[in-house]
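Here's a quick tour for anyone meeting this structure for the first time. Have a look at the model, then read on.

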Amino acid sequence: MTVAAVALERVRELCLALPETSERPSHGAPSFFIRDKRCFVMYHDNHHDDGRLALWCAAPEGMQHALVDAAPEHYFVPPYVGHRGWLGVRLDRHLDWEEIAGVIEDAWLTIAPKRLADAFAVDRR
């Protein structure tokens with residue numbers, strides 16, 4: 001398997017482990033949705049020849065700025081959705097998968113309806 005295929009499988013596993021998630025292509029990219037409606041993560045391999053293997057993730061307010069400033073080798077402002085606070089996460093820069101899992105969970109929590117997010121938090125205790 002290629003690095004990109006292995007990364008997609010890991011991302012898929014992390015995303016689909018969260019409650020009420022599904023996967024379908026959106027704008028030509030594997031994308032992950034809550035209740036088949038709201039996207040929280042998109043997977044991109046060389047999007048418009050940008051040379052990146054990356055995720056575009058919804059992010060809590062202020063997180064994009066903090067992570068891009070602190071670790072620009074791992075994080076970036078993605079096109080199209082960056083102005084809404086979404087975060088780009090490089091999968092080709094040896095970022096720890098525990099950290100990637102945390103970013104994915106934060107993306108899910110950012111987009112999930114409040115009752116679903118609250119139920120998830122209770123289940124994790």
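Strand β4 is mostly covered, with five of its five residues buried (buried means under 20% relative accessible area, exposed over 50% and partly exposed in between, using a 1.4 Å probe and protein chains only). Strands and helices here are DSSP runs, numbered from the N terminus: E over at least two residues for strands, H or I over at least four for helices. This is a predicted model, so local features need pLDDT of at least 70 and side-chain atom pairs count only at pLDDT 80 or more, while totals for chains, interfaces and linings use all residues. Residues are numbered from 1 along each chain as its sequence is written, and side-chain values use heavy atoms, with hydrogens and water left out.

- Ala54 sits in strand β4 and counts as buried because its relative accessible area is 1%.
- Leaving out residues up to four places away in sequence, Ala54 touches Met42, Tyr43, His44, Phe76, Val89, Arg90 and Leu91 (contact means heavy atoms within 4.5 Å).

**The sheet around it**
- Six strands make an open sheet in the order β1-β2-β3-β4-β6-β5, with antiparallel pairing (two strands pair if DSSP finds at least two bridges between them).
- At the edges are β1 (21-26) and β5 (75-76), each pairing on one side only.
- β4 pairs with β3 in the antiparallel sense over five bridges, and Val41 has Cys57 as its bridge partner in β4.
- Four bridges join β4 to strand β6 (residues 87-90), also antiparallel, with Leu55 standing opposite Val89 in β6.
- β2 (residues 29-34) and β3 (residues 38-45) run antiparallel, joined by four bridges; Ile34 has Arg38 as its bridge partner in β3.
- Helix α1 (residues 3-16) lies across β1, β2, β3 and β4, running at about 170° to β3 (axes are lines fitted to C-alpha atoms, for helices over the stretch in contact, and angles run from 0 to 180 degrees between N-to-C directions).

**The nonpolar core**
- The largest nonpolar core has 44 residues, and Phe40, Val41 and Leu55 have the most contacts inside it (such a core is a set of buried Ala, Val, Leu, Ile, Met, Phe, Trp, Tyr and Cys residues joined through side-chain atoms within 4.5 Å).
- Helix α3 (residues 97-111) gives the most to this core, with seven residues.
- Not counting residues up to four places away in sequence, Val41 touches residues including Val11, Phe32, Leu55, Trp86 and Ile104.

**Aromatic pairs**
- The whole structure holds two aromatic pairs (rings of Phe, Tyr and Trp, the last by its six-membered ring, pair if their centres lie within 6.5 Å; planes under 30 degrees apart count as stacked, over 60 as edge-to-face and the rest as tilted).
- Trp56 and Tyr80 form a tilted pair, 6.2 Å centre to centre with 40° between the planes.
- That pair links strand β4 to the loop between β5 and β6, 24 residues apart.
- Trp56 is buried at 3% relative accessible area, whereas Tyr80 is exposed at 56%.
- Trp108 and Phe120 have ring centres 4.9 Å apart and planes at 55°, so this pair is tilted.
- Trp108 is in helix α3 and Phe120 in helix α4 (residues 114-124), twelve residues apart, and both are buried.
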